[in-house]
Each structure stands twice: as C-alpha cells, then as structure tokens.
Amino acid sequence: MGGENRATATLEERRPRRADAARNFDALVAAGRAAFAEDGSSASLEDIARRAGVGIGTLYRNFPTRDDLIETLYLREVAALADSADDVSGLEPWPALEAWLDRFVEYVGTKHVLLDGLNRESSVFAECRGVMLGAGEPLLKRAQAAGAVKADLEIGDIVKLVAGVSAVAYDDDEQRRRVLSLAVGSLRV
C-alpha cells in the first residue's frame, strides 16, 4: 500500500496536458460516469458529449471507442478503490478488511462499469484487476495473520464473492445489507 497506484498512473497518461483539452477530458469523464450510472454501459455517446458541453468530435478525439471511455472510467474507480485500502489500513485487521469490502461494494453498487470491468478482457482491465487485488491483498493477509479470516481464502475469491452479491437486485437497502453481511461473515474463522 502507499504511493501512486498503477491505475492512477495510467489515467494520467491518458489525460491531455493542454489545459483546455484536459478540461474537456475531465468533463467527458464526469458526464460518462453520470450517464453510465443512469443508463448502463449502453448510454448514448452523443448524450455524454452534450452533458459535457462538447461536440461529438471532441468525445471521439479523447475516446475513439466506447470501450476507451469505459476503461478510463474504470481506471478512475479502481484508483479510488485502491486508495481506500490506504485509508483503512490503520484499523485493526478484521475491521480494515471489512471496511475495504464495504467500499468495494459501494463502488460496485453505484458504478456498474466497475462490475462490468471485472469480467472484461483488455490489458487495462487486467492491469486494474491487479491494482484492485493488490490493494485488498495486504488487508486480507493481515486479517488472516490475526486469525480473523479463514487461511485458505484468496483475495480474488473474496472480490468475486462480494461482486456477485453486489450485482443482484434487492428489494431494499436493508435486504442488501443482510445478504452482504452474510457473505462477508462467511469469511470469518
């Protein structure tokens, strides 16, 4: 943990250096995040450009394909999730892992592009999966060393369990919390 994660570095490599181009890029990312949250991964690119206050040509200059925009959104979300591992690392082992998993669920639950990215194949998505798993791994190892979590579990298993639970439609927030608590509780010794 600590330091700049690879998702953040890749994101900065994609972001234009010129101030006006960087503003357009950031506006497109924000508009894309909102549109994909509302309409899923099939959100209209024309609508995203309109929301960002730019023309469709500007969108395509920054993101030649829909997947380029989705990958950039994914990079932002994974970078924030990786940073959250640092935020909770000072907690006791089990509460730290539990808090990180809660943040993971929060990201996945509100940003379906993150959940979609767990199952996509590309070098960026593979890199991001590595960043995400790398952020959670030390938290899991600490919890296992403290005897709070089953020793035979791997971070990839836990992320898939929690992502699967997060992808289900629930009757209400209370039901979501109960099911998530059941899933996370199954990790304990």
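How many helices and how many strands are there in the protein? There are ten helices and zero strands, so far as this predicted model goes. Read along the sequence, that gives the pattern α-α-α-α-α-α-α-α-α-α.

**Overall picture**
- The protein has 189 residues, and 43% of them count as buried.
- Take the contacts with a sequence separation of 6 or more: residues 24 or more positions apart make up 66% of them.

- In soluble globular proteins, nonpolar side chains tend to be buried together.
- Here, the largest nonpolar core holds 57 residues, and the members that touch the most others are Ile48, Trp100 and Val149.
- Elements giving two or more residues to this core are α2 (19–39), α3 (45–52), α5 (66–88), α6 (93–110), α8, α9 and α10 (173–185).

**How α8 and α9 pack**
- A packed helix pair is described by the angle between the two axes and the distance between them.
- For α8 (residues 123–145) and α9 (residues 155–167), the axes come within 9 Å and cross at roughly 110°.
- That angle falls in the 65 to 115 degree range, so α8 and α9 are roughly perpendicular to each other.
- On the α8 side the contact uses Leu133, Gly136, Glu137 and Leu140, while α9 brings Ile155, Gly156, Ile158 and Val159.
- Sorted by class, the α8–α9 contact has five nonpolar residues, two polar and one charged.

**Leu153, in the loop**
- Leu153 sits in the loop between α8 and α9.
- Is Leu153 buried or exposed? Its relative accessibility is 18%, and the cut-off for buried is under 20%, so Leu153 counts as buried.
- Not counting residues up to four places away in sequence, Leu153 touches Leu140, Gln144, Ile158 and Leu187.
- Leu187 is 34 residues from Leu153 in sequence, yet their C-alpha atoms are 7.8 Å apart in space.

Terms used:
Residues are numbered from 1 along each chain as its sequence is written. This is a predicted model: local features need pLDDT of at least 70, side-chain atom pairs count only at pLDDT 80 or more; totals for chains, interfaces and linings use all residues. Side-chain values use heavy atoms; hydrogens and water are left out. Axes are lines fitted to C-alpha atoms, for helices over the stretch in contact, and angles run from 0 to 180 degrees between N-to-C directions. Helices (H or I, at least four residues) and strands (E, at least two) are DSSP runs, numbered from the N terminus. Angles under 35 degrees count as roughly parallel, over 145 as roughly antiparallel, 65 to 115 as roughly perpendicular and the rest as oblique. Contact means heavy atoms within 4.5 Å. Ala, Val, Leu, Ile, Met, Phe, Trp, Tyr, Cys and Pro count as nonpolar, Asp, Glu, Lys and Arg as charged, and the others, Gly among them, as polar. Buried means under 20% relative accessible area, exposed over 50%, partly exposed in between (1.4 Å probe, protein chains only). A nonpolar core is a set of buried Ala, Val, Leu, Ile, Met, Phe, Trp, Tyr and Cys residues joined through side-chain atoms within 4.5 Å.
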